[in-house]
Amino acid sequence: MNHKVLNKVLIVDFLIVVVLLIMLLGIYMLFTDDHTATDGYIPSTPPTQTGGDSSLGTPTEPPVIYVKMNISGFCEKSCCCGKFADGITASGHKIVAGDCFVAAPSKYPFGTKMTIPGYNNGLPVEVRDRGGAIKGNKLDLYFGDKDGVSGHQRALEFGRQYLIVKIERSK
Ligand SMILES: [Zn+2]
């Protein structure tokens, strides 16, 4: 009797051990699966790389763009600048003889280089001024006195032109 009971207890104990072993095996397999999943995760990080690429793409706004702009001229005197005719641009630049610069919409930061065909011998000039009417794709070119012709006259002669402007974004 006692012996049989002991056997039963042993069998129960054995079963418990087996169940525990199976559970441990299961946990181990789960752990291994997790591990494999993690391993799979690492090569499957191209999404992260793609994310990196696209985040690279966002600031990779081309440093040089070409934009068709509605361009007119102005001089620094009150005829063109009214009460702002103090010879100092919105960027704080003091206008000097022979200056060439543009007034551009605020989306183009001061210092942005623009090349306007037929202006400043085709060399780039900087954005140094703003203007109430200078919005969208409008530009105002500064004209100073030159060869006995007033800047205002030169601005009038330039008139209004639609030209493709090369814009180099500053950092
Ligand atoms: Zn003027």
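Predicted model: local features only at pLDDT ≥ 70, side-chain atom pairs only at ≥ 80, totals over all residues.

Colleague: How many helices and strands in the protein chain?
Modeller: Four helices and six strands. Helices (H or I, at least four residues) and strands (E, at least two) are DSSP runs, numbered from the N terminus. Along the sequence the pattern reads α-α-β-α-β-β-β-β-α-β.

Colleague: And what do the six strands make?
Modeller: A closed barrel, in the order β1-β5-β2-β4-β3-β6. The pairing is mixed. Two strands count as paired if DSSP finds at least two bridges between them. On average, neighbouring strands of this sheet are turned by 50° against each other, direction ignored. Axes here are lines fitted to C-alpha atoms, for helices over the stretch in contact, and angles run from 0 to 180 degrees between N-to-C directions.

Colleague: Which strands does α4 touch?
Modeller: α4 packs on the sheet and touches β1, β5 and β6. Its direction makes about 125° with that of β1. Contact means that the C-beta atoms of two residues, placed from the backbone, lie within 7 Å.

Colleague: How many bridges join β1 to β6?
Modeller: Nine, and the two strands run antiparallel. Valine 64 faces glutamate 168 in β6. Serine 72 has arginine 160 as its bridge partner there.

Colleague: What about β3 and β6?
Modeller: Antiparallel, with three bridges. Methionine 114 pairs with isoleucine 167 in β6.

Colleague: And β2 with β5?
Modeller: Also a pair: two bridges, antiparallel. Valine 102 has leucine 141 as its bridge partner in β5. Alanine 103 stands opposite aspartate 140.

Colleague: Let's switch to packing. What share of the protein chain counts as buried?
Modeller: 17% of its 171 residues. A residue is buried if 20 or more other C-beta atoms lie within 10 Å of its own, exposed if 12 or fewer, and partly exposed in between, with C-beta atoms placed from the backbone. β5 is mostly covered, with four of its five residues buried.

Colleague: How many residues are in the largest nonpolar core?
Modeller: There are 22. Val102, Ala104, Leu139 and Leu141 have the most contacts inside it. At least two core residues come from each of β1 (64-74), β2 (101-103), β5 (138-142) and β6 (160-168). By nonpolar core I mean a set of buried Ala, Val, Leu, Ile, Met, Phe, Trp, Tyr and Cys residues joined through C-beta atoms within 7 Å.

Colleague: Which residues does alanine 104 touch?
Modeller: Thr112, Val127, Ile134 and Leu139, not counting residues up to four places away in sequence.

Colleague: Back to β1. Is lysine 68 there buried or exposed, and why?
Modeller: Lysine 68 is in strand β1. It counts as exposed because 10 other C-beta atoms lie within 10 Å.

Colleague: What is lysine 68 in contact with?
Modeller: Asn137, Tyr162 and Ile164, leaving aside neighbours within four places in sequence. Lysine 68 and tyrosine 162 are 94 residues apart along the chain, yet their C-alpha atoms are separated by 6.5 Å.

Colleague: What share of contacts join residues at least 24 apart?
Modeller: 69%, among contacts in the protein chain between residues at least 6 apart in sequence.

Colleague: Is aspartate 147 buried or exposed?
Modeller: Exposed, because 5 other C-beta atoms lie within 10 Å.

Definitions and conventions:
Residues numbered from 1 in each chain as written.
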